[in-house]
Every structure is written in structure tokens, then in C-alpha cells.
Amino acid sequence: MKKILIIIQREYLSRVKKKSFIVMTILGPLLMAAIMIVPVFMAQMSNEKNTIAVVDETLLFVERLQETEFIKFDYLLGKDISTARNEFNNKTHDAILYIPFSAINTPSTLRLLSDKQPSMNVKMYVESQLKKEIENFKLNASGIDKEVLKSIETKVNLTTIKITDEGIEEKSYPEVATVLGIFSGIMIYMFIFMFGAQVMRGVIEEKTSRIIEVIVSSVKPFQLMMGKIVGVALVGLTQFLLWIVLTLLIVTTVKTAFPEQFEVKQASQLYTADSKVVDPEQLQEIQELNITGETDARSEILMAIQSIDFGVMIFSFLFYFLAGYLLYAALFAAIGAAVDNEADTQQFMMPVTIPLIFAIVMAQFVMNNPNGPVAFWLSIIPLTSPIIMMIRIPFGVPFFDLALSIVLLIAGFLFTTWLAAKIYRTGILMYGKKTNYKELWKWLRY
Amino acid sequence: MTIFKAENIVKKYANHVALKNVSINVSEGSIFGLLGPNGAGKTSLIRIINQITAPDEGTLFFKGEPLKPSHVELIGYLPEERGLYKKMKVGEQALYLAQLKGLSRQDALKKLKYWFEKFELQGWWNKKVEELSKGMQQKIQFIVTVLHNPQLLIFDEPFSGFDPINVNILKEEILNLKAHGATIIFSTHNMASVEELCDNIALLNKSEKILDGNVNDIKKTYKTNKYELIYNGTLNIKEVLDSRFEVLNQISDAGDEKLTIKINNGSSPNELLSVLLSHVLIVSFKEVIPSMNDIFIANVTDKNEFLQNA
């Protein structure tokens, strides 16, 4: 037992000290933070102010087009289009909107003139404004009251309610569950591959450098294999934790440095902070209000986030990450032991990676039907359960399914470890021999 | 006093039998040579002694006790296929391997300091292994093998990869270890070093032990009553010698005649010399003792054939 700790220590330290680990640990959060921060800045940059000169021959649109913070309309009364064009100065106006007499009946004669390509946002906004005004005009012309029409218009947004065991009705948020599920599923998939491959490379390194026989004369091959697997698992957890901490650190720093860029976000944060002091009853009221009445997008997101049981999420993520990794890492270790160099790993990698890839391919299907038979079976079978169960969990999983899946996964990794240990202890002492499946089968029976 | 004993070891792999009823007996404080051509089963036996693999049948004893896992800390093993972590620093690595053999960190540091000084490696402690020459890597490997003062040392082809100077250093160290009471099992193809170092040997061929015993005793049994004689002078030797003696070979070299003579049963070297003394000036006369190399080759190819040729 003491020796296994010495092995774990070496496997852990030798990886954590590596340059590639340090680079990955720094680059990862930078990339993740960039994904969160860059869109905010991008949005700010594209929101330049536009002033559009309007030449309206019909005079129906004057002062009727709605302005926004970024798009202003300047009505050039009494000027015809050719004068406006001649006088066009790109310092005062960004574009000229030309509404000819024919525009009401033939909207295709509408023109937006500019010396540069107007942005999609501007074009779409102007289009929508014109459409609205032309429709209003036509409605009036055919004698339909706009108010009547508005009262008929109905927006349907189905609110899904989950009935829990305690009989309490909970509003459920499939969209948030989907995003969360697929995110954790993909994280587990990536981690299993990244760190499983590290175990495999470690075994191959010991074989090619011929140190293996020196070590197995001091410790049992099984101790060496487990030491390596556990050591790499700790590396994975370290990297994961550092990523989360560093990402939060970077995002918070940028937010504090440029508070005005994140105004909207801050508002919602304040909202979050406020709602924490709101007592549950009041929250319920807000919820009901939201169910019956108009929906405030921000409180919607807030409640969606609150609807997720983060305790269960974090626990199951850690469990499925570790157990899934242990299951596959043992197989990767066996592959490493069976070959002499990384180029030979291909034929054995296939059957190991197929269940993982299959799980990711089936992810979409499982999300659409998180409690169907396919989802059930895939989240029970240990080879796919780490990914599929993580996708199902945000949707709420029956206790029986979860317990069965956990038990089977533990049994699964005990089995693969036993299997791998048999291949491993023979494989590590075989040099310069091409191994095939027949050979592996023999090793299992030694 | 026997330090290690293996009785009727059988090891089968899927396709072949690696060891058939092999027994060896290593006495304490001796150097035991494990010989045999490639594929004879030497490495299989060595791995069993090191508890890397288990025998299918047979029993092993270390100092009278059945071999058990804790014994690995009393055994040092230098495998034929050996190496170190290339990216790891020399000192760190030596410490790691020593700790795996059960040494405490402080103990290992103290001992490593002694050996690094002895082999003049102090400056390399913080270098990566891949920066070292092959000879230096072998020295580190040797240090790691003997660091925990094992009572039994197993060297599998220890001299491969060393230059002649380092081979001598290594031989000296092996004899030094023996002088300090260690027992050494050592497997090699290098028969000259067997004669030089080994007290006892076991010869394996095709998974079986075909010969074992004390090196000098074995040589005596392979004595063939052949003598090498060099004399100065002209003489038709065949006319002088009667049926007691048989000339196998004769070479003339600048006035010296070099002969190989077999003395048949019932006669003696003295009789041969007394016949010749009156005829020629004798330059040298010595018994031809078969080398371990001859014995090895003879046993491995065919025992009978060798005796017929002799």
C-alpha cells in the first residue's frame, strides 16, 4: 500500500510538472473565458450609431418610424431623392432611406442608399419598421382596427411542470437541462479520452524505455497499473479544478475592469442577489405570475438555474467522471501493455473508443427523449453510462435508474480492471512482438 | 548454507514449456552462473525468482522460507532488458526506485550519495536521464540494483552495453559485493567471465537443466587427457612414440614444433616426457583443459559428439 502511494506520487508529480500540463492549464481557462467575454465586446463593437436620412415621397412615414439607441431617423422634408443624393454627406448620415410613392403597393421599390454596405442589423431593423408601418396603413385602409387585431394575437409558450415524488409541482426547463446535460456529457467524453490516452502513453513509455522489468521486480504489476491510473486521475481532477477557478478569476477580473461593457449582465446579477433575500412564498408568487402572465426573460433564466439541483449535478459529475475514467483507463492501460509503440495502438483502440463515440452520437436522441427505453439502457450499460447518464440527470432521473447505473458502473470498472490487469501483467514483459487478438485471448487465460 | 533453492520448477506458456522440472541450489556467498543459449529458459527462471511471474509447479525457498512478496526487498535485480525513465531526473529517479525497494527517503539519499561519489556521478544528479551517455545510464542502473544492500543479487547479462573499462569496474564491484557477503546469481553468454567469476553453474538447454555443479569440478570431468607440447629440434616424433601416445596435431613454427598429444589410459604425462627428454629441447608442456566455452557448446550441441571428437 505504501508503495502504491509512492507510485501515485511519481505519476502525479511528473505530469503536473510537465510544460504541456502548465500550458494547457493556462490556455484552457483563457479560451473558456474568451468564449464568455469576447461576444460581449463583439456586440458592443457592432452597435455603432446609425443615422438614416429619410426621403419620404408618400409622407405617410414621417415621424412614425421608431428610433432605437443605435438607429436614428432624420426626415428630410421637401427634398427629392436626387437632391438628397447630391447633398449626401457621410459625416451626418450613414444612409438614405428612399420611400417612393409606389412603396405602399410595391414595397420592392423601397431603397436604402449608402456609400458603404449597411450592417445586417440596420437593414433588418429598417425592414421591420417599414413592414409594420405599411401593414398598419393597409389595415386602416381595409377598415380593421389595429387594437382588435392586437387583442387577437396570441403568443403560446408552453410551460412544462414536473410532478415530483413529494407531490410538489415544479416548473421544469428542458432547454437549460439540455445545455447542461450535453455540456457535462461532452466534458466527461473529453476527459476520458485525454486522460485515458495519458495512461496508455505512460504504459508504453515504461515498456519502450525498458524500465518496466526493474519496477515489477519491486512491486506487483497490478500496483504499478493502479498507481498510474490513480495518479493520472488526480492530474485530471487538478486540471479540472484549476480550469474552473482560473476561468472564474479571469471572467471576474475582466468584469471589474470593464463594468460598463457588462451592464446588462450586472443587472441580472443584481437581480439574482435581490431574489436571494426574497422569501420562498414571494418567489412562488413571482413564479405563478410568470406562469400566468407575461414572462420576464431574466427571471426566467434565474428560475431555470434555480430549478437545477446543483448538489446532485456536481456529485454525479464527479462520480461519473471518476468511475467512467477508471473503467476506460484500465482498458487503455491494457492496450498500452499489449503494444510496443503508439503506432500499433490503432487496432485495439477501435473497440474501446466505439462505445464512447456511440454515446456522443446518441446524445441528441437521448435529450429528445430522456426517459425513453434507449436512454434508460444506454445510461445503465457501464460503457456508455458515464456520458448518457450525465445528459439525463438535469432532466431528473428516477432513483432506481441512478442507483442501478451507479452499481453497474462500479461493477463495470472492477471487471475491466481485473481484465486489464491480466493483459497488463503479461503484456508489459513482451518486447518486439506484434500482438493480435488471438494473443490477447491467450494472455487472459494464463 | 543454501540461500536460495528452487525445486522442480515448471513454467508453461500457451504454446510451449519454458521450464521443465528445473531445480537449482545457490549457496550463500557464492557466485552462481546461470548459463544457456537464447530461449533456454534463463529469463523465465530469473523472473520466477524475482516473483515477476509465478511458476506453474514447484517450490522456491529463500533462506529456508518459502518465497514470499516481502522477499523482493532482499533481492536486487538487474534485468537484461533494462532502462530508466528518460525524462526523469537522475537523482529523483534513483530515489524513486530505491523507495520502491522499501528504503526510506533519508536512507536512500545517504546511500546514493556514497555510490554517486564512488562512480563520480555527483554532477549528474539534476540532469535528465536522456542527457547521460549509455555507460553512465548503466552505472545508475547498477547503483539502483545494489543500493538496498540486497542479500541476493541477480544480474541478467550485466556486461552488455559496457565498454571494456567499465566491464572491469563492474567485475570488481561484483567481487566486492561477494566479499561483503552477498550472493550473486548471474546469467550470461560470456564464458570467459563465467570462468573468472563463477563458483557454481547451472546450464539450461531447451527448458531443461542439463548440467550443474562447481566450475572446477565440471572442468575436471571434461578433461580429455590432451596435452600441448612445444619443443625445439628435429625429430620424427611418430617413430619415437609408441601406442601409449597419440599425436593429434602438429605445427612447425620457426624451428619450434607445436603438438597436441593425447595420452591413452594407463600412461601418464611423465612417461611421455621421459621418452622425449633424450631427443629434444622441451620449451613448454601443459595440459589442455577444456574452457567453459567448449563445455557450453558441447553440451548444447550434442554431448556424445563432443566426446567422440575428443
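Hi everyone, let me begin on the outside of a helix in chain B: the face of α3(B) turned away from its buried side carries the exposed residues Gln106(B), Lys110(B), Tyr114(B), Glu117(B) and Lys118(B). Before going further, please keep in mind that this is a predicted model.

So what does the buried side of α3(B) consist of? Three residues are buried there: Ala108(B), Leu112(B) and Phe116(B). They sit on the same side of α3(B), because the arc they cover around the axis is only 60 degrees.

As for the helix itself, α3(B) runs over residues 105–118, 14 residues in total. From first C-alpha to last, α3(B) reaches 20 Å, close to the 20 Å expected at 1.5 Å a residue. Just after α3(B) comes Glu120(B), with a positive phi of about 55 degrees.

Staying in chain B, let's turn to the strands. Strand β1(B), residues 2–12, pairs with β4(B), residues 57–62, in the antiparallel sense, over 5 bridges. Within that pairing, Ala6(B) stands opposite Leu60(B). β4(B) is also joined to β5(B), residues 65–66, by 2 bridges, and these two strands run antiparallel. Here Phe62(B) has Glu65(B) as its bridge partner. The hairpin of β4(B) and β5(B) has 2 residues between the strands, and Lys63(B) takes a positive phi near 50 degrees.

Now over to chain A, and to confidence. Its average pLDDT is 81, with 85% of the residues scoring at least 70. Which elements of chain A have the lowest and the highest mean pLDDT? The lowest belongs to helix α9(A), residues 263–277, at 41, and the highest to helix α1(A), residues 2–16, at 92. Two stretches deserve a mention. Over residues 264–280 of chain A, pLDDT stays under 50, and the model has 8 contacts beyond four places in sequence for them. Residues 286–295 of chain A also stay under 50, with 10 such contacts.

Is Arg85(A) buried, exposed or partly exposed? Partly exposed, because Arg85(A) has 14 C-beta neighbours inside 10 Å. Leaving aside residues up to four places away in sequence, Arg85(A) touches Ile96(A) and Leu113(A). Val361(A), meanwhile, is 276 residues from Arg85(A) in sequence and 56 Å from it in space, C-alpha to C-alpha.

Conventions. Residues numbered from 1 in each chain as written. Chains lettered and ligands numbered in written order. Predicted model: local features only at pLDDT ≥ 70, side-chain atom pairs only at ≥ 80, totals over all residues. Buried ≥ 20, exposed ≤ 12 C-beta atoms within 10 Å, placed from the backbone. Contact = placed C-beta atoms within 7 Å. Pairing = 2+ DSSP bridges. Helix = DSSP H or I, 4+ residues; strand = E, 2+ residues; numbered from the N terminus. pLDDT = per-residue confidence, 0-100. Expected span 1.5 Å × (residues − 1). Arc of directions from axis to C-beta.
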